Amino acid sequence: MRPGRFPGTGRPGHRTILIGLVAGSCFLASGGDRPAMAQTAYNNALEEAPGSWWGPGAGRRLAAESEWPNAFGTLGIVNAAGPIDTRGHPFFEPLGTNGRACVTCHQPADGMSLSVETIQRRWRETNGTDPRFAAVDGKNCPHLPQGEPASHSLLLNRGLIRVFVPWPPRAADGKPIEPEFDLEVVRDPTGCNTHPEHGLHSANPMVSVYRRPRPAINLRYVASNRFGVSPFIGKNGLLASVDPDTKKPVNMNLMADAREPTLKTQMQSAASGHLEMPGTLSPQQIAQILGFELQLYAAQVSSHGAGRLDEAGGPPTLGPRALERGRDGVLGNNTTAYVFPMGEVWKDLPEGTGDTEAARNAFRESVARGHDAFFFRTFWIQDSMHINSVGLGNPIKRTCATCHGMHMLGMDTANGWMDLGTTNLPWAMEPPQDPWSTSKPELPLFRITCKANLPPHPFLGREIYTQDPGRALISGKCDDVGAIVLQQMRALAARAPYFSNGSAPTLREVVDFYDRRYNIQYTEQEKQDLINFLSVL
Amino acid sequence: MKIRYVSLAWLAISLAAVADDARLNFVSCPIVQDTPTVPCWLADYHGERYYLGIQTDVSAEFQPPYLGHQVLVEGVVTNRPRICGGIVLEPVKISVLPELDRSCNTRLPIDPRYTIDFNPRPPGPSLGRLAFADAQPPGPQPVKPPFVTKEFTVFFDFDQGITFRHPRDLMNIVHYAQETRAKNLTVTGYRGAMKLSDGTVLSESEAIAEKRARQLAELLAGAGVTAAMKTSWQAEPVPADGIDDWQSRSAKVVVTP
């Protein structure tokens, strides 16, 4: 369930093993920055055979309903508009120069995200030549030797893609924004932020951070403009981004930093960036991708523990058909709509006849308790920017659903960024720095110094250390440092690791993170119930 | 316990009628007192404990302060039964001071003596409506001719510009300007000051009046107001007399059709 570190990705203290494995696995390493076009053809041929891996240009059919195995059971995908012939479909075809398609990083079996397990398997199968590992962002930094596991360690171990944005940030009209803080690179294990060509002090200054592909499913909900959308951002009263076509404000819930206002701008950036496509998508391609994205639903559909999740009369939130039917743009942090409406059907179940049924009923009851822990169990939420700062006080005594309030998806309803502490110190995961530790930090570390003539960050002060400044990379605001847009909570079983920086390898670590961060003091039973609940979403 | 939305005009009149010795203006560390339901917010001053309000939701007139910061309190002492052990201040206006003060970290555990018997919003999910939904001021209303010059006042937290609290104010102005096809709009920023009960006067920072004026104009223009805009500001603090001094932290927007 938990893929280990990938061999050869450079763990200090294991140098002998490392050299052996690198030598054994990188015979293709050419030192070139870009995988040769020929490899694409090779990979495509390899992928003709159906299986869980979906290669670019594979020309397979995506059925109206399909199921994909994962460690917790199976994920269900629904094409509400009917089966899709992916031949020639712009989401599935390599549109650019590097052989990648959207599907390269948004795999059906992985809930249209990408699990570390899939990444590692793909590396082994292709000796690191899959276009996934392209130099542009499938590597810790483009200048590193292509095809050596160590050069791709963040992708191989944590499932992270390099995301690079200009610094200082630019407004929608292209004008530079004067940031409220100075940004310095304190630690640069990938070499990218200090690199003369790719770094912060290059001719074209860029900040590189490393993030998980977000699941491209249930996007009708993610992109819904029906709740909390106004010309002013609900979290700070500043101007909301607008849709460049309609000039209307948008919900600002896409990407970890809300830099893309719409699915349309997002797909163009993805095509130019990830796919290295020259020029722009045609109106027809845009319409096709958008149409595909807005009719696609996915959720876990069967569970090793709980059995079928989509039985008639079962909990109304589970399975992809529930998402297809559900209403978007609804606030669910209440006992009328609920975030994840579970009903009462999995409470107080009979013992069951026979071991299998007894075990299934016990698991279902655990899921129901896990839901209640998510929805009703209070704890103190403290020093989390954009939740403690929006009129509730610091700390607040609330629940998981206070932040994860969107009906059916568990994102925030609009302008969904908050500082949970996943990327900001002291809560961000960092290897212990002591003489006995053999592990080294893998992610960059930035020092943010907020300008003295402006108010400090209300919870972190004027000096903040962060692995990823999140929203602040786009807004230039001190208050936004480390604020990350909540992802949807569906299809979690299919797409470990979790959090934008992949810092939680398992659902247990997600729960443990919260337990530490907010000193919740969950019992072991509560933790297991929460994990079981998350695993069936 | 009376918790309801009070219009600013009503509040101003009611406070003016209050005897000066019942007013209490002070700066101190807030204290959060847990209860079996929602937490209470308190503050100590001169050896006495005062009750400020409870945690509810964003629709509340009282929005709790922050641990990690001092809070500026402007209240009127009442002789109502204590809540969570604190003398009830009402009305009460608070403002979180922007600089951090990590010594403000008192969080008291549940104490059987203290319960909250009014509960507009439990600590978990709501019952499907905001706690004070009925008391919310109405949103933008249609504007009928003849179109007249209208003045809007925007209030701020101490030493702060626009925050999450302001979208409603901003929308009202944008709406009026657009409905009346306003030709001119002026924004005047003010720098507030506050006279505390011990005689000290706290003034906001010098640059704040300008920041408020510029920020408002920029946001209104960004939201589509096309009127010609003029900004000005008053860098000298508004004189403080200890009576409703929170009103000095403001900006005035005049919309002329």
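Is Arg165(B) buried, partly exposed or exposed? With a relative accessible area of 39%, Arg165(B) counts as partly exposed (buried means under 20% relative accessible area, exposed over 50%, and partly exposed in between, with a 1.4 Å probe and protein chains only). Its salt-bridge partner is Asp157(B), with the closest N and O atoms 2.9 Å apart; a salt bridge here is a side-chain nitrogen of Lys or Arg within 4 Å of a carboxyl oxygen of Asp or Glu. Asp157(B), at 16%, is buried.

A word on the model comes next. It is a predicted one, in which local features need pLDDT of at least 70 and side-chain atom pairs count only at pLDDT 80 or more, while totals for chains, interfaces and linings use all residues. Residues are numbered from 1 along each chain as its sequence is written, chains are lettered from A in the order in which they are written, and side-chain values use heavy atoms, with hydrogens and water left out.

Over all chains, the search turns up 43 salt bridges. One of them ties Arg211(A) to Asp468(A), at 2.8 Å between the closest N and O atoms. These two sit 257 residues apart, Arg211(A) in strand S7 and Asp468(A) in the loop between strand S14 and helix H12 of chain A (helices, H or I, of at least four residues and strands, E, of at least two are DSSP runs, numbered from the N terminus). Both Arg211(A) and Asp468(A) are buried. Another pair in chain A is Lys347(A) with Asp372(A), at 2.9 Å, N to O. Here Lys347(A) is partly exposed at 28%, and Asp372(A) is partly exposed at 22%.

Then there is the place where the chains meet. Chain B puts 44 residues into the contact and chain A 38, contact meaning heavy atoms within 4.5 Å. About 3,100 Å² is buried between them, 59% of it from carbon and sulfur atoms; buried area is the accessible area (1.4 Å probe) that two parts lose on being put together, summed over both. Two salt bridges are counted between chain B and chain A, and Lys397(A) and Asp34(B) meet in a salt bridge at 2.9 Å, N to O. On the side of chain B that touches chain A, helices H2 and H3 of chain B are the elements that give two or more residues, and H3(B) gives the most, with five.
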